[in-house]
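Here is a short briefing to read with the model open beside you. Take a look at the fold first, and then we can walk through a few of its details together.

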Amino acid sequence: MDLRIFTEPQQGAGYDTLLAVAKAAEDLGFDGFFRSDHYLSMGDSDGLPGPTDAWVTLAGLARETSRLRLGTLMTAATFRLPGVLAIQVAQVDAMSGGRIECGIGAGWYEAEHTAYGIPFPAEKFARLEEQLAIVTGLWGTPVGETFSYEGRHYQLTDSPALPKPAQDRLPVIIGGGGPRRTPRLAARYADEFNMPFASVEDTAAQFERVRKAAEDAGRGAGDLVYSNALVLCVGRDEAEVARRAAAIGREPEELRRNGLAGTPGEVVEKIGRYAEVGSTRFYLQVLDLHDLDHLDLVASQVAPQL
């Protein structure tokens, strides 16, 4: 069972804070460090000191860590042209020695686009599909050959398709709860399917849709990794659970319903329920990035029981 730390820096975290969390995650034996790709805070957070760019952050962490898998949940396709994204991700993969994974989604948060002058197209899913075709096409084109693409939204002509990632196949993560288009897209392009912030029952239903789509596309259902992203709030006792819930503005019982919350034993039991429907990897959404003891508790009292 892989446990990865998942952060939301747009809520208020600079690079030094993210570096401290990533280093702690590596030292404690977590499998990976992932971050969201947003430029504006949500809810009542002031977002100070301001947004950090996902791929700039990961480039820095690539040089400051040695073992962690690093990546995004999810890079917004609206933020970058696909050729530029392919270059950025391949370069950061080389900087990390081949430890990068690229989660990519359509983009959804209109306010951050208007705040920073980023176009917010009405037709986003079709653009995402073209981006995936281009990014994976550029990476997969043999050295010495060129890549061209003629789509409705993007056109590339005789691209040298360089640089290449350090990995022979850089993992692509696709996620979401859409019942039709999302499974089809995952079946075609993804190495991993991620179900974010969903119940065991909804996860089971979506995993089954993705498995069927993979088989319909000529792949084995087991060719993909199946994962969940869930908010984390673990405490040694009820008082510690309540303190950590209050620190992120949530209620313990709500977190128990919608995330991985409670004592270590409760969290292990809930992870087991997700594992029964096929999840083998968890992205633990850590919202209080200054509480490194939270990570230590999971590493010492949850991970050994899995």
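Leaving aside neighbours within four places in sequence, which residues is W139 in contact with? They are A86, V89, A90, C102, P163, K164, P165, L170 and V172, where contact means heavy atoms within 4.5 Å. This is a predicted model, in which local features need pLDDT of at least 70 and side-chain atom pairs count only at pLDDT 80 or more, while totals for chains, interfaces and linings use all residues. Residues are numbered from 1 along each chain as its sequence is written, and side-chain values use heavy atoms, with hydrogens and water left out.

**The nonpolar core**
- W139 is also among the residues that touch the most other members of the largest nonpolar core, together with I5, F30, F33, W55 and L284.
- That core has 78 residues; a core here is a set of buried Ala, Val, Leu, Ile, Met, Phe, Trp, Tyr and Cys residues joined through side-chain atoms within 4.5 Å.
- Its largest share, eight residues, is supplied by helix α5 (residues 125-140); helices are DSSP runs of H or I with at least four residues, strands are E runs of at least two, and both are numbered from the N terminus.

**Strands around β7**
- Strand β7 (residues 172-175) pairs in the parallel sense with strand β4 (residues 100-105) over two bridges; pairing requires that DSSP finds at least two bridges between the strands.
- C102 has V172 of β7 as its bridge partner.
- β7 also runs parallel to strand β8 (residues 192-196), joined to it by three bridges, and I173 has E192 of β8 as its partner.
- Between β7 and β8 the chain passes through helix α6 (residues 181-189) in a right-handed β-α-β crossover, meaning that the path over the helix runs clockwise when the strands point away from the viewer.

**Helix α8**
- In helix α8 (residues 238-247), E240, V241, R244 and A245 are buried, that is, under 20% relative accessible area with a 1.4 Å probe and protein chains only.
- These residues lie on the same side of α8 because they cover an arc of only 135° around the axis, taken from the directions from the helix axis to the C-beta atoms.
- On the other side, A239, A246 and A247 are exposed, which stands for over 50%.
- The buried residues of α8 pack against β9 (225-234), α9 (252-258), β10 (260-262) and α11 (292-302).
- At the start of α8, a side-chain oxygen of D237 comes within 3.2 Å of the backbone nitrogen of A239.
- G249 follows α8 and has a positive phi, near 70°.

Methods. Polar contact = N/O pair within 3.5 Å; in protein donor to acceptor, adjacent residues only side chain to side chain.
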